[in-house]
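Subject: Structure handover, pockets and ligand

Hi,

Here is the structure for you to look over. My notes on the pockets and the ligand follow it.

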Amino acid sequence: QSGETFEAMNPALTEPIARVAKAGAADVDAAVKAARKAFDEGPWPDLPASRRAAVLYKFADLIREHAEEIAQTETRNVGKPISDSRDEVGGGAYCFEYYAGAITKYFGETIPVSKPGLDYTLRVPCGVAAAIVPWNFPFAMACWKVAPALVTGNAVILKPASYTPLSALWLGRLALEAGIPEGVFNIITGPGSTAGNALVAHPGVDKISFTGETTTGTQIMKQAAEDIKRVTLELGGKSPNIVFADADVEHAARNSVLGVFGNCGQDCCARSRAFVEQSVYDQFVEAFIDQTRRTIVGDPLDPATQIGPMVSLHQRDHVREYIQLGQREGATLAYGGEVLTEGIYAKGAYIRPAVFTRATNEMRISQEEIFGPVLNVIPFTDEDEMIRQVNGTRYGLSGSLWTNNLARALRVARRVRSGVLGVNSSSSVFIEAPFGGFKQSGIGRDLGMAGLNNFT
Ligand code: NDP
């Protein structure tokens, strides 16, 4: 309503690619009123689950039909390699299909109470749900929240991050065609500090599902407490990558590279602290750096590229400051860390992934979420002491451990205070499985059947 706009940028070239409406409090109010009306007056929440499922299946088909355009949009706006964007858009469509299939197998309980009669639980929608998402996986995260919120009968307001508003707008464009009734799905583009804040504070919102930084999560939780809004928070991480000497160390090292440097390290699950058993420490570091050297950092639109630029020059400079901090703290910069400015890198927010050796878990570079391509490799000799250090952060989101000893894998996985942990794998996110953090990494679980509980 203000008529103001802001620029969406391409971080590979540092040039604007679109002008986007800058919503203020009046737009948020209009969106919430539209959602409120759609929820309170129906018919969306009252439709049979199978009818809402049919709309979501159609939505998924439309995403697949436009997959290449959405992936191109995502890559141009986020700097994400096009192969990653294609995977994430496909994953977004699958997420709609998963929840379309799940909703007809989702039910309450009958409870044998102690007096005559029938007691049962119903899974009912929260009402108006706000979904606030970050810039690192904009399309994927929007789908993770929007699909389960819609299929359970909520009306939804999506707020994408200011750096990356464009792929979310694709969802808006496809929604009406898919058959989502007017008012049921709304999108607000604008700054978190004003539009986001107005959404969180709005009395017409019943539920907030947020993914972003822990500090923002704290603020949102405090504000939501004012009128007891339901909250789900997916926050930061500082995840471990534990390598035991009995693992296939070469395999572990080579498969760990994208586990920390994928998405240019802008990943809440980035395994940014490697704990490597002393006897294989040098072998791991050598193989890891060798594999990093072979990993292609380049133009995100080139299908061969594995690591693109960071989302902005600001974020790149922030990471560079952490690399300088690590050197001041006494860690050894064994590889990379330099800002790339020549040739194809000249205009973009590029930085070469950095590997620190001789790092300790107490250093700030091991404690703070850098959100960029920086790995600290920390040696260990004793399992108990290593687990104490692994758990010695405020976060607990993800991680991996590598061993060929099954008993050790089960024992250690249980003791690591992380929401998810991969064994001999750098994966931790599956549409079908719950995902979320311990400690200050968040509250509640996205994805899987747990994602439906979030919105009921
Ligand atoms: P932010 O917390 O800065 O922003 C996330 C979203 O919240 C954006 O849409 C932002 O808008 C909005 N926002 C900011 N301030 C407010 C506010 N006061 N009220 C309401 N909304 C607000 O995080 P980043 O975008 O920097 O994302 C990176 C972070 O996300 C990292 O810490 C990362 O670990 C975490 N993350 C966690 C994941 C998980 O599942 N646990 C997954 C992916 C990322 P705007 O962009 O306009 O500021």
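The second largest pocket holds about 810 Å³ of space. A pocket here is an open set of points on a 1 Å grid over the protein atoms alone, where a 1.4 Å probe fits, with protein on both sides within 12 Å along at least five of seven lines; lining residues have an atom within 4 Å of a point. Points are joined across faces, edges and corners, and the volume is the space filled by probe spheres set on them.

This is a predicted model: local features need pLDDT of at least 70, side-chain atom pairs count only at pLDDT 80 or more, and totals for chains, interfaces and linings use all residues. Residues are numbered from 1 along each chain as its sequence is written, and side-chain values use heavy atoms, with hydrogens and water left out.

Back to the second largest pocket. Its lining has 25 residues, and Asp-84, Glu-88, Phe-137, Asp-267 and Val-429 lie nearest the centre. α4 (82-102), α5 (138-151) and α9 (249-261) each supply at least two lining residues. Helices are DSSP runs (H or I, at least four residues) and strands likewise (E, at least two), numbered from the N terminus. α4 gives the largest share, 5 residues. By class, this lining has 11 nonpolar, 9 polar and 5 charged residues. Gly counts as polar; Asp, Glu, Lys and Arg count as charged; Ala, Val, Leu, Ile, Met, Phe, Trp, Tyr, Cys and Pro count as nonpolar; the others are polar.

Now the largest pocket. About 1000 Å³ of space lies in it. It is lined by 40 residues, with Trp-135, Phe-210, Gly-212, Glu-213 and Thr-216 nearest its centre. α8 gives the most to this lining, with 6 residues. The lining divides into 16 nonpolar, 18 polar and 6 charged residues.

Where is the ligand? The space it takes is the largest pocket (more than half of its atoms lie within 2 Å of the pocket's grid points). The ligand is surrounded by 31 residues, and the closest include Ser-162, Cys-268 and Glu-369.

- Thr-216: a polar side-chain atom lies 2.6 Å from a ligand oxygen.
- Leu-235: a backbone N or O atom lies 2.7 Å from a ligand nitrogen.
- Gly-212: a backbone N or O atom lies 3.4 Å from a ligand oxygen.

Best wishes

Terms used: A residue is near a molecule or strand if one of its heavy atoms lies within 4 Å of it. A polar contact is a pair of N or O atoms within 3.5 Å; within protein, one must be able to donate a hydrogen and the other to accept it, and residues adjacent in sequence count only if both atoms are side-chain atoms.
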